Amino acid sequence: MIKLENISFSYKNKPVLKDITEDFHAGEIVGLVAPNGTGKSTLLNVLMNYETPQKGQLIIDKKGTYKSARKQIKLYKKISMMPDQQDLYNHKTGLEHLMMYKKIWKSKIPVKELINELNMAHYINDLVGNYSLGMRQRLCFAMQIAADTKIMLMDEVMNGLDPTNVTLISTIMAKKRDEGKLIIIASHLLDNLEQYADRIFFLSNGQLELFFDRKIGTKDQTRYLKINEADCRFLSEDIIERGQLLAEGLFLLPLDNGDEKELFLNLPLEKMSSVTVSRLSLKEAYDIKFGLNKKD
Ligand SMILES: Nc1ncnc2c1ncn2[C@@H]1O[C@H](COP(=O)(O)OP(=O)(O)OP(=O)(O)O)[C@@H](O)[C@H]1O
């Protein structure tokens, strides 16, 4: 549904996206993960043609391109970016915002149902100027759902939301995916993203690196022994040397040497607070890739 072919983008002399080639499909939620200032928003802005790549080609919904103003207008019926809280009008009600989006995109979304689904009925007729941060955020999400485009781009959709609303919005996103929408979302809420995204990419050095694909699982199939930092006293120096100690005190040892049986036989499991073996979670992979390794 979206084809990126050798896309490169720089701000003046600062390269942000480097030769990205990737396809995103209908009926999937794609997660973009990276530290602040890496280029997630830039990539979304390129997909919306708010920024024009210096190199490469972007094809949306089979043959669509941004090569003329007329083509752009056509594409904007199919692709939308979630509005920002700064785009809201304080002197209008939430309902007026939803009706405006429904009208502009000529969508057939039942707005009343959407309001109930998002638990917004008790404040939707109040002026937006009186909304809290989380209420405004839910409205921004609802506006994009009301526009009902085939492709939805969302930058930090979960900003300022309490856990109940994070769950609520995740459920609606999954429902939209099941209806065939392509949803691309940049998020720092890693545990949440891992629950519903179909594919998750790290953006690193200007490139997309696949971390997870629901069809195949994590790309890195290595299993890790995971123990608390305090229990590292039971490990030999050379084992500690082979592992990584994450900032929050979790020691990870890749089990790729074939010596795990011997390793386990030598561990005083009864004295250790917790020992697990599993593949890397998104959060752990993120910490290894971008975070501080306490041993460094
Ligand atoms: N308009 C601009 N002009 C010049 N540089 C910019 C501009 N917008 C962003 N940048 C730079 O491009 C890089 C990528 O920024 P971007 O906003 O895409 O990051 P991000 O991954 O979305 O970050 P965050 O998680 O903070 O939203 C940053 O170094 C930023 O300073």
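How many nonpolar, polar and charged residues does the shell around the ligand have? By class, three residues of the shell are nonpolar, seven polar and two charged; Ala, Val, Leu, Ile, Met, Phe, Trp, Tyr, Cys and Pro count as nonpolar, Asp, Glu, Lys and Arg as charged, and the others, Gly among them, as polar. This is a predicted model, in which local features need pLDDT of at least 70 and side-chain atom pairs count only at pLDDT 80 or more, while totals for chains, interfaces and linings use all residues. Residues are numbered from 1 along each chain as its sequence is written, and side-chain values use heavy atoms, with hydrogens and water left out.

**View 1. Residues around the ligand.** The shell consists of Tyr11, Lys14, Val16, Pro35, Asn36, Gly37, Thr38, Gly39, Lys40, Ser41, Thr42 and His188 (a residue is near a molecule if one of its heavy atoms lies within 4 Å of it). Helix H1 contributes the most, with three residues. Helices (H or I, at least four residues) and strands (E, at least two) are DSSP runs, numbered from the N terminus.

View 2. Oxygen atoms of the ligand lie 2.7 Å from a polar side-chain atom of serine 41 and 3.0 Å from one of histidine 188. In the side chain of tyrosine 11, an N or O atom is 3.4 Å from a nitrogen atom of the ligand. Of the 640 Å² of accessible area that the ligand has on its own, the protein covers 60% (Shrake-Rupley method, 1.4 Å probe; for residues, only the protein chains shown count as cover).

View 3. Leucine 43 is found in helix H1 and is buried, at a relative accessible area of 1% (buried means under 20%, exposed over 50%, partly exposed in between; 1.4 Å probe, protein chains only). Not counting residues up to four places away in sequence, leucine 43 touches Leu4, Leu17, Leu32 and Leu208, where contact means heavy atoms within 4.5 Å. Its C-alpha is 9.5 Å from that of isoleucine 7, 36 residues apart in sequence.

**View 4. Surroundings of serine 8.** Serine 8 belongs to strand E1 (residues 2-11). The residue is buried, with a relative accessible area of 15%. Leaving aside neighbours within four places in sequence, serine 8 contacts Leu17, Lys18, Asp19, Pro53, Gln54 and Lys55.

Technical notes. Polar contact = N/O pair within 3.5 Å; in protein donor to acceptor, adjacent residues only side chain to side chain.
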